[in-house]
Amino acid sequence: MTRAVRLGPRSLLTLALVSAVGVVAFGWPFLAPPTSRVGTHTQDAPWLFAGLLVLLVAVVAAAIAESGLGPKAVAMLGVLAATGAALRPIGAGTAGIEPMFFLMVLSGRVLGPGFGFVLGNVTMFASALLTGGVGPWMPFQMLAMGWFTMGAGLLPGPDRTRGRAEVRVLAAYGFLAAFAYGTAMNMAGWPFMGALASNIAFDPHAGVPANLARFVTYCLATSLGWDLGRALVTVVLTLTLGPALLRALRRATRRAAFEAPVTFEASER
């Protein structure tokens, strides 16, 4: 049986802190009252970027420092992150064709939610460096991809569901999570539209129902096609390549024996 990589209490606590800050960072337009000066948030974006990036680095550092990610797991993390970063530019700018998402789903399923979160944000960070996509949006992408990959590791029945049934569950998750990722990233950029599209832009003086209606319209008008393409590509790749890749990941995990203690035999003289 393949066992997911487990993270220690310090790593899990840091992960929870990052997630809590991320929820606030993504959802502040619906959390701040209309009387607050949320319009000035644009000036705070660089500080938010720096703060989130520091927290994300803390997650990785804490995870590596604990027993859950030993040298073998770190090596696996590097290989999968590099592969995901290399896959991302393949469909960049082409109707949501992003093959890296199906790799994140399968990796999170096999290696667990803690490893999945670290893998998701490290992969997005590496791909941003590879494609030159470094900017204030990068920590939001890292958080969203971390949640995306972590969610696959939280799916029920890792020891009972196998074969085509498991692949279908992962495909369904990938379809829904691809839309969730796109919605989260829309939420990160939507408040900064300003006067570009006044009828669907964030209105700091409007209430939550009005802004929610604006946000839904914004998503339908700007990213529905892209999100649908991402979701369909994730489903097709999961159904076709998923069984073979799941077997390969589980075989590699068993051979690596992440949780096996390292022992040294005394040499005879």
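**Exercise 1. Which pattern does the chain follow, read along the sequence?**

Solution. The model is a predicted one. Step 1: count the elements; the chain has nine helices and zero strands. Step 2: write them in sequence order, which gives α-α-α-α-α-α-α-α-α. Of the 269 residues, 48% count as buried. The chain exposes about 13300 Å², and carbon and sulfur atoms supply 69% of that area. Step 4: look at the contacts between residues at least 6 apart in sequence; 83% of them join residues at least 24 apart.

**Exercise 2. Describe the largest nonpolar core and the surroundings of Phe-26.**

Solution. Step 1: the largest nonpolar core has 61 residues. Step 2: list the residues with the most contacts inside this core, namely Phe-26, Leu-80, Phe-115, Phe-117, Met-145, Phe-148 and Tyr-181. Step 3: take Phe-26 and leave out residues up to four places away in sequence. Phe-26 then touches Phe-140, Leu-143, Ala-144, Trp-147, Ala-184, Met-185, Met-187 and Ala-188.

**Exercise 3. Decide whether Thr-149 is buried or exposed, and find what it touches.**

Solution. Step 2: apply the cut-off, by which buried means under 20% relative accessible area. Thr-149 has 0% relative accessibility and therefore counts as buried. Step 3: list the contacts, again without residues up to four places away in sequence. Thr-149 touches Met-104, Gly-108, Gly-116, Leu-119 and Gly-120.

**Exercise 4. Trace the salt bridges of Arg-230.**

Solution. Step 1: the count of salt bridges comes to four. One of them joins Arg-230 to Glu-98, with the closest N and O atoms 2.8 Å apart. Step 2: locate the partners. Arg-230 lies in helix α9 (residues 224-256) and Glu-98 in the loop between α3 (71-87) and α4 (100-111), so this pair ties together parts that are 132 residues apart in sequence. Step 3: check burial. Arg-230 counts as buried because its relative accessibility is 4%; Glu-98, at 9%, also counts as buried.

Step 1: turn to the other partner. Arg-230 forms a salt bridge with Asp-227, where the closest N and O atoms are 2.8 Å apart. Both residues of this pair, Arg-230 and Asp-227, lie in helix α9, three residues apart, or about one turn of the helix. Asp-227 is buried, as is Arg-230.

**Exercise 5. Which parts of the chain does the salt bridge between Glu-166 and Arg-109 link?**

Solution. Step 1: confirm the pair; the closest N and O atoms of Glu-166 and Arg-109 are 2.8 Å apart. Step 2: place each residue. Glu-166 is in helix α7 (residues 163-189) and Arg-109 in helix α4, so that distant parts of the chain, 57 residues apart, are linked. Step 3: check burial; Glu-166 and Arg-109 are both buried.

**Exercise 6. Which residues form the nonpolar patch on the surface, and which helix gives the most to it?**

Solution. Step 1: the patch consists of Val-208, Leu-212, Val-216, Leu-220 and Leu-224, with about 420 Å² of accessible area together. Step 2: assign the helix. Helix α8 (residues 208-222) gives the most, with four residues. Leu-212 is found in helix α8, and because its relative accessibility is 42%, Leu-212 counts as partly exposed.

Notes: Residues are numbered from 1 along each chain as its sequence is written. This is a predicted model: local features need pLDDT of at least 70, side-chain atom pairs count only at pLDDT 80 or more; totals for chains, interfaces and linings use all residues. Side-chain values use heavy atoms; hydrogens and water are left out. Patches are made of residues with over 30% relative accessible area and no salt bridge: like charges are joined within 9 Å, nonpolar side chains (Val, Leu, Ile, Met, Phe, Trp, Tyr) within 5 Å. Accessible areas come from the Shrake-Rupley method with a 1.4 Å probe; for residues, only the protein chains shown count as cover. A salt bridge is a side-chain nitrogen of Lys or Arg within 4 Å of a carboxyl oxygen of Asp or Glu. Helices (H or I, at least four residues) and strands (E, at least two) are DSSP runs, numbered from the N terminus. Buried means under 20% relative accessible area, exposed over 50%, partly exposed in between (1.4 Å probe, protein chains only). A nonpolar core is a set of buried Ala, Val, Leu, Ile, Met, Phe, Trp, Tyr and Cys residues joined through side-chain atoms within 4.5 Å. Contact means heavy atoms within 4.5 Å.
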